[in-house]
Amino acid sequence: KIVRNEDEVFERYILLAKTSFLTAFEEDNEIMRSFYAANLSGMSVVSPDEAERNRLLCMFGEYFHLTGYARKTMEKVMFIRLMAYVSELFDQHLQQYDALQVNRRIEPVLQYINAHFTEMEFGLDAVAEQFHFTKPYLCSLFKKYTSMTVNSYLVNKRIIYAKELLKTDCTISECAQNAGFADYSNFIRVFKKYVGISPKKYQLQHIRRLEVAVVGKNAEFEP
């Protein structure tokens, strides 16, 4: 849908061509491919930037002012040039459009996961049910946007949060539960896989760093 600002002046350029003329392009997949892809994606309008708009205006100017010898042939040549350039614009803008459409679909999913990842029973089933997605579709969409699976993203969120909890007075068992891990032994195994050391060792390393920092700070104030 085109939304026009009533306070702005604009010019509309229209090219009309017979269907018989356009069918000649069906064999040229390079030109028509972008239009077919845009149609399938639901994108029917391209908003060119200033440089793209200026180039289009120059091409329109050339087209509408063709005169002289072999004008009809030159019109066809110029029309093909216009079609090729507009096809190129559609191809470029289609990539941005597809990314935007994916972002609009996946952003609420990320927000939902970020808000609920600490719940122990929370997982792929809950996300799919919340957004009325099939699990295969959700997995495919999520992987396309984040380059991660839903489960990998969820585990990463929980491990990152667990690392922060281990820097507090929480016990390791409490850290596991508060980060969304229902099984203690599974938490130990997954934490070691992602971090490289056990939660206990990670916690002790943090305590030692704090002790060293405190000793160093006290040494600065010794007379």
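The structure is a predicted model, in which local features need pLDDT of at least 70 and side-chain atom pairs count only at pLDDT 80 or more, while totals for chains, interfaces and linings use all residues. Residues are numbered from 1 along each chain as its sequence is written, and side-chain values use heavy atoms, with hydrogens and water left out.

The chain contains 10 helices and 0 strands; here helices (H or I, at least four residues) and strands (E, at least two) are DSSP runs, numbered from the N terminus. Of the 223 residues in the chain, 27% are buried. In this passage, buried stands for under 20% relative accessible area, exposed for over 50%, and partly exposed for values in between (1.4 Å probe, protein chains only). The accessible surface of the chain is about 15600 Å², and carbon and sulfur atoms account for 54% of this area; such areas come from the Shrake-Rupley method with a 1.4 Å probe, and for residues only the protein chains shown count as cover. A contact is defined by heavy atoms within 4.5 Å. Among contacts between residues at least 6 apart in sequence, 63% join residues at least 24 apart.

Helix H9 covers residues 184-195, and its 12 residues should span 16 Å at 1.5 Å a residue, in agreement with end C-alpha atoms that are 16 Å apart. The expected span is 1.5 Å times one less than the number of residues in the helix. Phe187, Val190 and Phe191 are the buried residues of H9. Viewed down the axis of H9, these buried residues fall within an arc of 105 degrees, so they line one face of the helix. The arc is taken from the directions that run from the helix axis to the C-beta atoms. Arg189 and Lys193 are exposed, on the face of H9 turned away from its buried side.

Leu138, Leu141 and Phe142 are buried in H6. Seen down the axis of H6, the buried residues lie within an arc of 95 degrees, so they line one face of the helix. Pro136 and Lys144 are exposed on the other side of H6. Just after H6 comes Ser147, with a positive phi of about 65 degrees.

Where does Pro199 sit? Pro199 belongs to helix H10 (residues 199-220), and with a relative accessibility of 1% it counts as buried. Leaving aside residues up to four places away in sequence, Pro199 touches Leu166, Ile172, Phe187, Ile188 and Phe191. Pro199 and Phe187 are 12 residues apart along the chain, and their C-alpha atoms are separated by 8.7 Å.

Charged side chains come next. Side chains of opposite charge can pair when their charged atoms come close. A salt bridge is counted when a side-chain nitrogen of Lys or Arg lies within 4 Å of a carboxyl oxygen of Asp or Glu, and the count comes to 3 salt bridges. One of them joins the side chains of Arg81 and Glu62 (3.5 Å, N to O). Arg81 lies in helix H4 (residues 71-116) and Glu62 in helix H3 (residues 50-64), so this pair ties together parts that are 19 residues apart in sequence. Arg81 is partly exposed at 41% relative accessible area, and Glu62 is partly exposed at 38%. Another salt bridge links Asp125 and Lys135 (3.0 Å, N to O). Asp125 is in helix H5 (residues 124-131) and Lys135 in helix H6 (residues 135-146), so the pair ties together parts that are 10 residues apart in sequence. Glu164 and Lys167 also meet in a salt bridge (3.6 Å, N to O); Glu164 is partly exposed at 44%, as is Lys167 at 34%.

How many disulfides does the whole structure hold? The search finds 0 disulfides, a disulfide being a pair of cysteine sulfur atoms within 2.5 Å. For Cys175, the nearest cysteine sulfur is that of Cys170, 4.7 Å away. Cys175 is buried, with a relative accessible area of 0%.
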